[in-house]
Amino acid sequence: MKTRDPLENSELTFLLGMAFQLVLTEFVSRVDAVGYAELRPVHGLVFQALRDTGATSSELAERLGVTKQAAGQIIDDLEKRGYVERRPHPAGGRRKLVVLTGKAQEHLSVAGRVLHQLEGQLATRLQEAGLELPRAELAALIRTLAGDAIPPLRPVW
């Protein structure tokens with residue numbers, strides 16, 4: 001009789017958190033190794049939130065689920081590093097539109113390749129064990145709890 005893995009008896013929140021932590025740590029290590037050690041996971045979330053059309057700092061705060069002050073500090077830091085820039089808002093007024101620079105777009109491209117490589121390697125290892133990445137199951141879990149309104153992934157790490 002095969003002995004069950006003791007992790008299978010762990011709480012769901014522990015398993016989800018540990019899986020997230022391990023995947024994120026490996027991803028960050030690989031992105032650091034290709035020249036982006038100055039960036040942290042929260043910066044990747046900001047890049048994703050600004051990716052298409054940019055956002056005001058208030059909109060970014062809402063998308064990230066952080067305070068306006070926290071969003072402003074992140075924007076200031078990324079602007080100093082050359083990853084974002086503030087432009088006049090198309091609607092006018094005092095608001096500024098925060099957009100990604102070419103440097104940030106290049107990072108997204110590199111990080112995307114690193115992530116796809118990591119996911120491919122994980123998928124291969126799981127397939128060797130007769131398993132698959134639980135993407136559909138995780139999506140169903142999120143939909144069960146959140147419905148149609150996907151909440152922001154808060155950068156608490």
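## Overall picture

A residue counts as buried when its relative accessible area is under 20%, as exposed when over 50%, and as partly exposed in between, using a 1.4 Å probe and protein chains only. Buried residues make up 26% of the 157 residues in this chain. The model is predicted, so local features need pLDDT of at least 70 and side-chain atom pairs count only at pLDDT 80 or more, while totals for chains, interfaces and linings use all residues. Residues are numbered from 1 along each chain as its sequence is written, and side-chain values use heavy atoms, with hydrogens and water left out.

The chain holds six helices and two strands. Both are DSSP runs numbered from the N terminus: helices are H or I with at least four residues, strands E with at least two. Their order along the sequence is α-α-α-α-β-β-α-α. The C-alpha trace spans about 70 × 35 × 20 Å along its principal axes. Contact means heavy atoms within 4.5 Å. Take the contacts between residues at least 6 apart in sequence: 53% of them join residues at least 24 apart.

## Helix α1 and its cover

Helix α1 covers residues 12-36. Its residues Leu-24, Phe-27, Val-28, Val-31 and Tyr-36 are buried. Their cover includes α2 (41-50) and α5 (102-128).

α1 and α5 pack at an angle of about 135°, and their axes are 10 Å apart. Axes are lines fitted to C-alpha atoms, for helices over the stretch in contact, and angles run from 0 to 180 degrees between N-to-C directions. Angles under 35 degrees count as roughly parallel, over 145 as roughly antiparallel, 65 to 115 as roughly perpendicular and the rest as oblique. α1 and α5 are therefore oblique to each other.

## Where α2 meets α4

α2 and α4 pack at about 95°, with axes 11 Å apart. The two helices are therefore roughly perpendicular to each other. Val-42, His-43, Val-46 and Phe-47 of α2 make the contact with Ile-74, Asp-77 and Leu-78 of α4. By class, five of these residues are nonpolar, one is polar and one is charged.

## One aromatic pair

A search of the whole structure finds one aromatic pair. Rings of Phe, Tyr and Trp (its six-membered ring) pair if their centres lie within 6.5 Å; planes under 30 degrees apart count as stacked, over 60 as edge-to-face and the rest as tilted. The rings of Phe-47 and Tyr-83 have centres 5.6 Å apart and planes at 35°, so this pair is tilted.

The pair links distant parts of the chain, 36 residues apart. Phe-47 sits in helix α2, and Tyr-83 in the loop between α4 (68-80) and β1 (84-88). Phe-47 is buried, at a relative accessible area of 0%. Tyr-83 is buried too, at 1%.

## An exposed loop residue

Arg-94 lies in the loop between β1 and β2 (96-100). Arg-94 is exposed, with a relative accessible area of 81%. From Ala-19, Arg-94 is 75 residues away in sequence and 43 Å away in space, C-alpha to C-alpha.

Notes. Nonpolar A, V, L, I, M, F, W, Y, C, P; charged D, E, K, R; others polar.
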